[in-house]
Amino acid sequence: MESSFRRRIAGISLLSLGLLLSACGEKAQTDVVAAQAPDAASASMTSGTCSGTYPSYWQDPAAKFSNMWKGQEISNVPPVDWQGPVFRISDKYPRQPVDDRAAQPWRDARFDALFNSATPAATKKQLAYDYSWLVMNYIQEGNVNRPGIEDWDVCNNSVRPWYSIPFQTYDAMSGREFTHGLTREAPVTFSTPQGVIDTTMWAVGFFNATAAYTLGTVWQADGTAKIPANDVSFDEGAVVGKPLFNTSTPEQLPVLANQPAWNANISDPSFCKCTPAQGNECTLIEESQQCPRSTTEWNDVRLLQFDFAVKDSRAPGTQWVFGTFVADGQRKAKEADPWLRISLLGVMWGNDTPPAGKLAHNYPLDVKKNGFMEEVIFWDTVNELNKYGGANPMQHMGHLGCNYRLNGPADNANSSCMSCHGSASVPDSNFDTPPLLSQFSGITKECVTPDPENPLVGVDRSGSKATVNNGVSFANIDSIYFANVPAAAPFNMTVETDNGPVNVMGNGVPDYASGRKNWISLDYSLQLSISLTQWMQWQENSDDPALERINFKEIRRGVKAD
């Protein structure tokens, strides 16, 4: 069957592309690589858990990866005079299961009550707070404040090993930058008293050994990927930590004062976009030209958000716990450790799913007063974030998610942490996966308040107009995106409508070569889904001329998948 890539590339005029891009062929690449700093190649050298098997960042200059960047304008290689850090991917994954229970105090029986619906709200709040800080301390221990070692250089953690996920490197727009391994994530618009500011999030994720064992079942020691044919499941005690950095300044967002700041090799902080010379999609070469990276043109990025996820079988319905900390640089200015100048925004282990036929935008009722059954929000932190907001409440840092479900400043106001991550799936033969958010596609939007006089139209929480599409009602779509997806269970995209069952993504989706009819679960790991998409596209593109290569399924929070 002809792939989406082949169908799309057929419409591009290679002659036109050749005329446009002839100035940045292989010679330009060779010149820049030859001028790199002597130590830059260390990104692919073996050190501790960093084996150099996979590219450490987009345009990694190691010779074995050079064909991936062929013909591109090189802007993501350390300059010859670079004195800063160079990211190395930690990819020497455990090949046997690892249980780190002895170092994970949140697994103690006293936290069982956190997941009990009968636990009083005040007790649950304290348990959520203690649980989250135990996880955060576990993630940070041995990764920060080490004399002579860059923070979050995880190659040689003397306390416990941590690992990175491969192949967040092929996409020229979002691929890892070379200083700290940050990938470009969402464009985020903030409303401030001084006006609206357009910003970008850059982030990096780390997996403990328990989680990395599962990564190692996919990412092989020989540098290849074994695409899962069956649902993937992370083991109990798997932990993922993810600091997210924003391109704003403390003058724009005061909570960023006194926060960790990195001089990262980023693209335009207003979220650079590419315009193709032909067709609907830029080639990778065009993207490298139009959205170059720089360590000197823009400001440092600063820590705004720090997410975590923990596999915990006590969490009913999902077996996962997600939490978000946020920058609190003014209230915690006296905290000696800059990585602890953060406050807990919330914890969730379920979506508080609306009953059948009900809507997520107003269920549960009056959560500021009554709270949630499956999450805890820390309203003092929300208020601190919103104190610096402007005219549009949905563009305040403390906007949260749908009906105040947990979502951080970097995230979408129509969703929740678990709503997005529950969609994580293996890409099908057309590189399709479920949209992280229904707003990122042409299907009916989620978290919509219908018009009282016409239930077929409405507005979502961000204020965008919405319509019922293909007979899939607003309640139907909420039943998908705010369901509690069990761990390692396929993400359901079929709903019952007045006209019978409807696959909201269309008949024949997913289209797996095996003939499997439902999505292959990646157990809440969007990073694994995104990396597999990039790997599969590289396999599709590797034999094609550089001028033809397109990464047309850019899956990032805040960017439409189509």
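1. Disulfides. The structure, a predicted model, holds four disulfides, a disulfide being a pair of cysteine sulfur atoms within 2.5 Å. With bonded cysteines counted along the chain, the pattern is 1-2, 3-6, 4-5, 7-8. Residues are numbered from 1 along each chain as its sequence is written. In this predicted model local features need pLDDT of at least 70, side-chain atom pairs count only at pLDDT 80 or more, and totals for chains, interfaces and linings use all residues, while side-chain values use heavy atoms, with hydrogens and water left out.

2. Cys50 and Cys155. These two cysteines are joined by a disulfide with an S to S distance of 1.9 Å. The link is left-handed, with -90° about the S-S bond. Cys50 lies in the loop between α3 and α4 and Cys155 in the loop between α4 and β1, so the bond ties together parts that are 105 residues apart in sequence. Helices (H or I, at least four residues) and strands (E, at least two) are DSSP runs, numbered from the N terminus. Cys50 and Cys155 are both buried, where buried means under 20% relative accessible area, exposed over 50%, and partly exposed in between (1.4 Å probe, protein chains only).

3. Cys274 and Cys282. Here the S to S distance of the disulfide is 2.1 Å. The link of Cys274 and Cys282 is left-handed, with -100° about the S-S bond. Cys282 has a relative accessible area of 5% and is buried.

4. Cys402 and Cys447. The sulfur atoms of this disulfide are 2.1 Å apart. The torsion about the S-S bond of Cys402 and Cys447 is about 95°, so this disulfide is right-handed. Because Cys402 lies in the loop between α8 (379-386) and α9 (417-421) and Cys447 in the loop between α9 and β11 (448-451), the pair ties together parts that are 45 residues apart in sequence. Cys402 is buried at a relative accessible area of 0%, and Cys447 counts as buried at 2% relative accessibility.

5. Cys417 is in no disulfide, and the nearest cysteine sulfur, that of Cys420, is 8.0 Å away. Cys417 is buried, with a relative accessible area of 8%. Cys420 is likewise in no disulfide, its nearest cysteine sulfur being that of Cys417. At 11% relative accessibility, Cys420 counts as buried.

6. Aromatic pairs. The count comes to 31 aromatic pairs. Rings of Phe, Tyr and Trp (its six-membered ring) pair if their centres lie within 6.5 Å; planes under 30 degrees apart count as stacked, over 60 as edge-to-face and the rest as tilted. The rings of Phe111 and Tyr131 have centres 5.7 Å apart and planes at 85°, so this pair is edge-to-face. Since Phe111 lies in the loop between α3 (26-34) and α4 (121-140) and Tyr131 in helix α4, the pair ties together parts that are 20 residues apart in sequence. Phe111 and Tyr131 are both buried.

7. A second ring pair. Trp152 and Phe306 have ring centres 5.8 Å apart and planes at 55°, so the pair is tilted. This pair links distant parts of the chain, with Trp152 in the loop between α4 and β1 (162-163) and Phe306 in strand β7 (residues 301-311), 154 residues apart. Both Trp152 and Phe306 are buried.

8. Ring cluster and charges over rings. Ring pairs link Trp106, Phe111, Phe115, Tyr131, Tyr138, Trp162 and Trp349 into a cluster. A charge sits over a ring if NZ of Lys or CZ of Arg is within 6 Å of the ring centre and within 35 degrees of the ring normal. Arg405 lies over the face of Phe482, 4.8 Å from the ring centre. The charged end of Arg461 sits over the ring of Tyr404, at 5.0 Å from its centre.

9. The chain as a whole. The secondary structure comes to 11 helices and 15 strands. Of the 562 residues, 60% count as buried. Of the contacts (heavy atoms within 4.5 Å) with a separation of 6 or more, 71% are between residues 24 or more positions apart.

10. Confidence. The mean pLDDT (the predictor's confidence in each residue, from 0 to 100) is 91, and 90% of the residues reach 70 or more. Among the elements, helix α2 (residues 14-21) has the lowest mean pLDDT (29) and strand β8 (residues 320-327) the highest (99). Over residues 1-44 the pLDDT is below 50, and this stretch has 86 contacts in the model beyond near neighbours in sequence. Residues 555-562 also stay under 50, with 39 contacts beyond four places in sequence. Where pLDDT is low, the predicted coordinates should not be read in detail.
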